[in-house]
Amino acid sequence: MSEAGSNLSPGREQLRNALGDLQQEAIRIRAGCACKPPKRHQWTRTHALEVAFERRGQYTQPDLKRAVKKASNWFRQGVPAKDFLDLWALVEVLLEWSGSIPASASSRPAARQIEAARRRQREWKDHWSQAQKESGGKTDTRLLENYLKAAARAAREHPYPGLTGETEPPPLAQVYVCQQTHPHGIGPDQYLVSTGSDAPPRSADPAPTPAGEVFAAASRVCLLLGGPGGGKSSLLRIHLAHAAESGIRKAPVPVLVNASALSGPALLPAALAITARAHLKKYGLVELAEDFFLTPPHAGVPWLVMVDGLDELANSDQRRTVLKTLIHAAETAPELYRFVVATRPLPGTELGIPDDVARFELLPFTPGDLVTYAEAWFSGLDDPASHATAFRTAVWASRLHELARIPLMATMLCQLYAADPSRPLPQGRTSAYKAFTDLIYRNNNSKHIAITQTEAINRLGEISQVLPDRQAITHAAVQARDHLPDLINHLAHQRFHGDSRPAAAIIATHRRSRRPEALDEARWYHFLGDLLRPTGLLTGHAGDYVFLHQTFLEYYAARHAARTEEIRAELLDTLLPPGDVAGGNWRRPGGDASFFGFLLDQLLSQQDSAAPTVQRLHELAAQADEQACEFICEQVRLGTALPAASTVTWLSRFARDSSLYGSCRVRAAQLLADVGERDLAVEALDDLTYDSSTYGSHRTAAADLLAKMGERDRAAEALERLADDSSMDGSDRVDAACSLDRIGERDRALAAWSHLVNDFAVRGSARAAAARELAYLGKEAGLTEVLLGVVNDPYQPESDRVDAARALAEMGSWEAGVEAAKVLERLVDDRTVYGFDRVDAARALVEVGEGIDALVTLANDSMLHGSYRVDAARSFVDEAVEELRRLADYRTVYSSDCVEAVLARVDEALDALSRLVDDCTVDDSDRADAARTLTGIGDRKELADALEKLANDPTLEVEQRENAARTLNSICHGRHPE
C-alpha cells in the first residue's frame with residue numbers, strides 16, 4: 001500500500017500502510033467466507049465503522065458521517081486519531097474480520113487469544129503513538145499564541161473590577177501580594193476540610209509554602225482551599241498572567257474556568273472551549289474550536305485547568321459531579337490535563353475526595369502583607385506609606401484587624417479609608433458591607449442614575465399609543481424602580497438557592513416588578529437590565545448580570561431572608577430551633593458559615609429579633625459541646641456582630657471547659673485574644689497545659705500559642721513540664737521538646753530528648769524520634785546502643801522497631817547498620833507481622849542500602865493482602881525510578897552491565913504492577929489502584945527524561961539503547977491495554 005514519492009513522515013506512512021493492509025486483508029477474508037453482511041451493507045470500511053460505533057453506544061447517522069470523513073484521513077495520509085480508542089474501535093473490528101483476534105461476542109476466549117488481542121492492541125498503539133508524535137501531538141501554535149495573549153489580558157484585570165465603582169482599578173499585578181499556603185489543608189487559625197476523624201492534630205504546624213507551589217504539585221488534582229474572599233481567584237489570575245506572558249514551553253499551560261461552566265451537559269474539552277470563547281472574545285480571541293483543548297498545548301505538556309468557585313455551585317451533588325469529572329479526566333488523560341480546583345473549605349465526606357488529591361489551604365495576609373497591600377492601593381494618594389500606616393491604626397481601632405487579613409475585606413476597607421481618611425472604619429463584617437454598598441451608591445451620584453432611570457421609564461411608556469396601556473406600563477416601571485433594592489435582594493436570594501436564569505427573568509418574578517400585559521417579555525427584561533446596570537452592585541458577565549463577589553450575593557440574600565418581623569421569627573427558629581437548643585440536641589445546619597453569619601447579623605440588627613437571638617445563643621453556648629463551640633467560634637472569626645460582653649463570656653466558658661475537645665478550647669482561647677481579652681486568653685491557655693484529661697498535642701498547642709502571644713517564660717515552663725510528663729504519649733513529649741527548641745530553649749530541649757531516649761517506658765518510635773533530634777544536633781554519644789536495644793526488642797511493636805532501625809542506619813556505625821538490616825529482613829519474612837509493617841520494613845531495608853529485593857518479594861507474594869502488594873509494588877517502582885534517574889544523571893560512573901541491570905529492574909517493577917492488575921485473586925479496588933499507579937507512571941517526567949537520556953546515549957550498546965527506548969514508549973503510551 002505504500003506510495004512512491006510520499007511526503008509523509010515515517011510514522012504516519014507506517015500507520016497508513018498498516019491500516020490499508022489490514023483493511024484489504026479483512027475485507028478479502030470476510031468476503032470469501034460463507035457469512036453474509038447485514039442487509040443494505042457490504043463488507044466495507046463504512047460498515048466496520050458502523051459496527052464499532054454501535055459497540056461503543058455512539059451510533060447516530062451524523063456521527064457516522066463525520067467518522068467516515070475522519071477515517072479517510074487515517075487511511076489516505078496516516079493522520080492519527082486524536083483519541084487512540086477511536087482508532088482501536090475500527091481496527092478491532094477489522095482484526096476480527098481477518099480472524100487475527102477472537103470476535104468480541106466470543107463467550108470464553110482462551111487465555112492465549114486474550115493475550116494475542118492485547119499484543120495487537122499494543123502494536124497498534126505504538127503505530128498511533130509514533131504518528132501522533134510526528135504530527136506534533138499539540139495545539140496549533142498560532143491559535144495557542146492568540147489564546148495566551150487574550151488570556152493574559154483578561155488575567156491582568158482585578159477579578160472583581162466592580163468593587164472599585166467608577167474608579168479604574170489598579171492592575172492586579174500592582175496590588176497583588178503573594179500569600180502563603182499550608183499543604184494538606186492544615187493551618188493554624190483556619191477551619192479545615194472536615195474528614196470526620198477524631199484523631200488529634202500534631203502540635204507542630206507544617207511549614208507554610210508560597211501559594212504558587214500549588215501549581216507545581218505532583219498531584220494531578222489539587223484543591224486550593226480558602227475562606228470567602230480569601231484571594232483564591234486573584235492567585236489563579238496572577239498565575240495565568242505570569243504563565244501566559246513567560247512563554248515557558250515546559251510548564252503546563254493554564255486555563256481558567258468557573259465551576260458552573262463544567263456542571264452542564266457539555267464534555268470537558270467543549271466546556272473549556274465554550275467558556276474561553278465567551279470570556280476572551282473582548283480580549284482579542286479570534287478563533288478557538290471546540291476541540292482546541294483535546295490536544296496538548298505543546299508536545300508532552302498538559303493543560304493546567306484552574307477551576308474557580310466549586311463551592312458556589314448550588315448543591316453538593318453538582319459539586320461532587322464536577323470534582324469526579326475532573327478526577328476521572330486526570331486519570332484517563334494524564335498527558336492532557338492537570339487540575340487546580342479553588343473552593344471554600346467543604347466537608348470532606350461531602351465530596352468523597354480521594355487521598356491522592358493534594359490539598360493546599362491559602363493563608364490570609366500577615367500584618368506586614370496588609371500594610372504592603374494598602375500602600376499599593378493608596379498609590380494615588382499623597383504619601384502612600386503614611387496612609388498605609390494610618391490605615392493599619394484605623395483597622396485596629398475598629399477591631400477589624402483579623403477580618404482585614406482577608407484580601408477581599410482588605411480591598412473594601414482600603415476604598416472606605418481612601419474615600420475619607422478621617423472617618424473611622426465600620427465595626428463588624430456586615431457593617432463593612434453596608435458601608436461599602438453606601439459608598440458605591442455615593443459614587444454613583446455622578447452617573448445621574450435617577451435621570452437615566454426616568455428617561456428609561458419614559459421611553460418604555462411611549463411604546464404604547466393606548467392611554468390605559470401606557471399608564472399601566474409607566475406604573476409598573478416606576479414601581480420596579482422604587483423597589484429596586486428589594487428586587488436586588490430577591491435576585492440574590494434566588495441565585496443563592498440555585499436559580500440560574502438570567503437576572504432580569506428572576507427579578508420579573510417579584511411581585512413589585514411583574515410585566516404589564518401590554519408589554520412583551522423582551523422589552524420588559526431589557527428595561528429591568530437598564531435598572532440594574534448603573535447600580536454598581538452587579539457587573540456584566542457573559543450577557544447577564546452577576547454580583548461583584550459571592551459574599552455580596554450572600555449579604556443581599558440574607559437581607560431578603562430577614563426582610564419582615566414574621567420572617568425573622570421563622571428564620572431564628574430555623575437556625576436555632578428552641579427545642580433543640582434548650583434540650584442540648586442542636587446540630588449545626590448544613591450550608592456555609594459565611595451565609596449564616598450574614599443571617600445572624602440581620603437578626604441581631606433588628607429590634608424585634610435582637611434580644612431573642614442573643615438569648616438563643618446564650619442557651620446554645622450553655623450546651624458546652626463541640627458543635628456549639630465550633631459554630632460560635634466560626635462566627636467570631638468571620639466578624640459577625642455578636643454582643644461583645646456575651647462573646648467574651650462564651651469564649652471564656654469554651655476555653656476552660658475540660659469536657660470539650662482540646663482543639664476547640666485552644667481556638668476559643670485564641671479568639672479571646674483576638675477580641676481584646678489577652679489576659680483571659682493567657683490564663684485559659686496556661687490552665688489547658690495542666691489539663692491531663694485532654695490530648696498531649698493540644699496541651700502542647702496551647703503552650704505554643706502562649707509563646708506566640710509573647711509569654712515565652714510561661715510557655716517554656718509548660719513545654720518542659722509536658723516533655724517530662726510520663727502520662728503523655730511519647731510522640732507528644734518529643735513534640736513538646738521540639739517546641740522548646742523552636743522558641744529558643746535548646747538546652748532544655750536537649751535535656752528532654754536525652755531523657756526520652758533513655759526511658760525504657762517510652763515507646764520505641766518516640767525514642768527513635770528523640771534520637772534523631774539529638775543526632776541532628778551532633779549529640780550522638782550512646783545513641784547506637786539505645787537504638788540497637790529497641791531494634792532487637794521482640795516486645796516492641798514492629799513499627800517501632802522499623803523506626804528505630806531507620807534511625808540507627810542514619811547515625812550508627814557500619815556494624816550497627818548491618819545488625820539493623822538483619823532485623824528488618826526478619827520482619828519482612830515474618831508472615832505473623834502485620835502486612836503494612838512488613839512493607840515498611842522492606843522500604844527501610846532500601847533506605848539502609850540493602851537493595852530492593854524485599855519489595856519485589858512482597859509485591860509478588862500471593863499470601864499478602866492485595867493493598868500491601870500494591871503498596872510494595874509502588875515503592876518498588878519509586879526506588880527503580882530513582883536508581884534509573886541517578887544512573888542517567890551520572891552515566892560515566894556506572895558500567896554497561898549496571899545500565900542493563902537497572903533497565904531490567906524498571907521493567908520488572910512495571911511487570912509487577914501489571915501482574916497485580918491481571919490477578920483475579922486480588923480485590924477489585926486493589927487492582928484498580930494498581931492500574932491507576934501504572935497509568936500514572938507515564939506522567940512521571942523524571943523517569944521519561946532518564947530513559948530518553950539513555951536511549952540517546954551513544955556510549956551505550958545498541959541493544960541497551962533500544963531497551964531504554966522500548967521502556968520509554970511503554971510508560972508513555974500505557975503499559976496495560978485495559
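**View 1. Packing of helix 12 against helix 13 in a predicted model.** Helix 12 (residues 367-377) and helix 13 (residues 384-397), both DSSP runs of H or I with at least four residues, pack at an angle of about 130 degrees with their axes 8 Å apart, the axes being lines fitted to C-alpha atoms over the stretch in contact and the angles running from 0 to 180 degrees between N-to-C directions. The two helices are therefore oblique to each other, a class left over once angles under 35 degrees (roughly parallel), over 145 (roughly antiparallel) and 65 to 115 (roughly perpendicular) are set aside.

**View 2. Residues in the contact of helix 12 with helix 13.** On helix 12 the contact (heavy atoms within 4.5 Å) is made by Leu370, Val371, Ala374 and Glu375, and on helix 13 by Pro384, Ala385, Ala388, Phe391 and Arg392. These residues divide into seven nonpolar, no polar and two charged.

**View 3. Two of the aromatic pairs.** The structure holds 24 aromatic pairs, counted for rings of Phe, Tyr and Trp (its six-membered ring) with centres within 6.5 Å, where planes under 30 degrees apart are stacked, over 60 edge-to-face and the rest tilted. Phe292 and Phe293 form an edge-to-face pair, 4.9 Å centre to centre with 90 degrees between the planes, and both are buried (under 20% relative accessible area, 1.4 Å probe, protein chains only). Tyr337 and Phe339 form a tilted pair at 5.8 Å and 35 degrees.

**View 4. An aromatic cluster.** Ring pairs link Tyr433, Phe436, Phe547, Phe552, Tyr555, Tyr556 and Phe598.

Residues are numbered from 1 along each chain as its sequence is written. In this predicted model local features need pLDDT of at least 70 and side-chain atom pairs count only at pLDDT 80 or more, while totals for chains, interfaces and linings use all residues, and side-chain values use heavy atoms, with hydrogens and water left out.

Methods. Nonpolar A, V, L, I, M, F, W, Y, C, P; charged D, E, K, R; others polar. Buried < 20%, exposed > 50% of the residue type's maximum accessible area, 1.4 Å probe, protein only.
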